[in-house]
Amino acid sequence: MLKDKTALVTGASRGIGAQVAKSLAANGAYVYVNYNGSKERADEVVDEIVKSGGQAEAICCNVADFDACKEMIEKIIADRGRLDILINNAGITRDDLLMKMSEEAFDAVINTNLKGCFNTIRHASRYFLKQRSGKIVNLSSVSGVMGNAGQANYSAAKAGVIGLTKSVARELSSRGINCNAIAPGFIETEMTAAMTDKAKEATIATIPLGRTGSTEDIAKAVLFLASDMSDYITGQVISVDGGMSI
Ligand code: NAP
C-alpha cells in the first residue's frame, strides 16, 4: 500500500508512535522513527521493523526546536530524496489544575504538542509543495475536542492542532497535499498508565464501546489517512475514541 513512500513518525520510540511506525513499515514505507530522549527504545522499534522485513531508521530530534526540525527534514531529503508522509505524534502531558499549573508546564506542553507540529509541517511543506504531494496526519486528542479538567495546557495544545490542521489543509490542499487529524480517546500507553484504577474505571464508564483503545486502533486510522484510500479527505478530524466524544 505504501511501497516507495518515505514516512516520518515523530515520537515513535513507544506507544502510539511506535505502533504507527510498525504499521506504515509493514505496508511498505521506509520509516524514520523519531525520538527525543529514548534512543534505545527507538532502536528497538527499528530492529523489530527490520526483523519483520521492513525498512526503518531512528532519527533524533526535539520537535519543539524549530531549527532541529529543519535539520531532521533536510537529512531525510538528503538521504532519501523525498518525504511522502508526516505523522506528528510526539506529545507530552504536564497535568495540573489550572490554579496550580505553572507557566513552565503550560509552555512545555504547547511547545512540544502544538509548536512541534508547526515546526515539522513548516519545513516538510517546502518539499511537499515541490513534489506536489504529501500526507500530513496530526495527533490531536479527545481533550482538544471536549476540554478536560486538569489538562488546560494539553487541551489548548490539542485544540490548536485542530486549527492548525484545518488551516494547513486550506493552504496546501490545492497542491496535492492532504492534512488531517486524529483525535484519540483513552488509549492504553505509558502516557495513560499513571492513572489510578478508579480513574480508569470512571473513564471507561464514559466510553460507549465500553473499553479503552489500543495503539492498533489508532494505527489503523493513521494508515488510512496516510494512504491513497483517503485522497479525497482533507482538513478533517477523525475521532478514534470508542464514541467518547459523541
Ligand atoms: P507516550 O507513550 O508518552 O509516547 C510519547 C512519545 O513522544 C515518545 O516516543 C517520546 O519519545 C516522544 N516525545 C516526547 N517529547 C518529544 C519531543 N520533544 N520530541 C520528539 N519526541 C518527543 O505517548 P502516547 O500515549 O503514545 O501518545 C502519542 C500521541 O497521541 C501524543 O501526541 C498524545 O498526546 C496523543 N494522544 C494519546 C492518548 C492516549 O490515551 N494515550 C489520547 C489522545 C491523544 P522520547 O521519550 O524519546 O522523548
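**Note on the pockets and the ligand site**

1. The second largest pocket is lined by 14 residues, and Lys5, Ser133, Lys135, Ala226 and Asp231 are those nearest its centre. A pocket here is an open set of points on a 1 Å grid over the protein atoms alone, with protein on both sides within 12 Å along at least five of seven lines, a 1.4 Å probe being used; lining residues have an atom within 4 Å of a point.

2. The model is predicted: local features need pLDDT of at least 70 and side-chain atom pairs pLDDT 80 or more, while totals for chains, interfaces and linings use all residues. Numbering runs from 1 along each chain as its sequence is written, and side-chain values use heavy atoms, without hydrogens and water.

3. The volume of the second largest pocket is about 200 Å³ (the space filled by probe spheres set on the points, which are joined across faces, edges and corners). Its lining divides into four nonpolar, five polar and five charged residues.

4. The largest pocket has a volume of about 1200 Å³. Its lining comprises 46 residues, with Thr93, Tyr154, Thr189, Met191 and Thr192 nearest the centre. By class these are 18 nonpolar, 24 polar and four charged (nonpolar: Ala, Val, Leu, Ile, Met, Phe, Trp, Tyr, Cys and Pro; charged: Asp, Glu, Lys and Arg; polar: the others, Gly among them).

5. The ligand takes up the space of the largest pocket (more than half of its atoms lie within 2 Å of the grid points). There are 31 residues around the ligand, and Ser13, Ser38, Asn89, Tyr154 and Thr189 come nearest (a heavy atom within 4 Å). This shell has twelve nonpolar, 16 polar and three charged residues.

6. α1 (15–26), β2 (30–35), α6 (152–172) and α7 (190–193) each give at least two residues to the shell (DSSP runs numbered from the N terminus: helices H or I, at least four residues; strands E, at least two). α7 gives the most, three residues.

7. A polar side-chain atom of Arg14 lies 2.8 Å from a ligand oxygen atom. The protein buries 94% of the 900 Å² that the ligand exposes when taken alone (Shrake-Rupley method, 1.4 Å probe).

Terms used: Polar contact = N/O pair within 3.5 Å; in protein donor to acceptor, adjacent residues only side chain to side chain.
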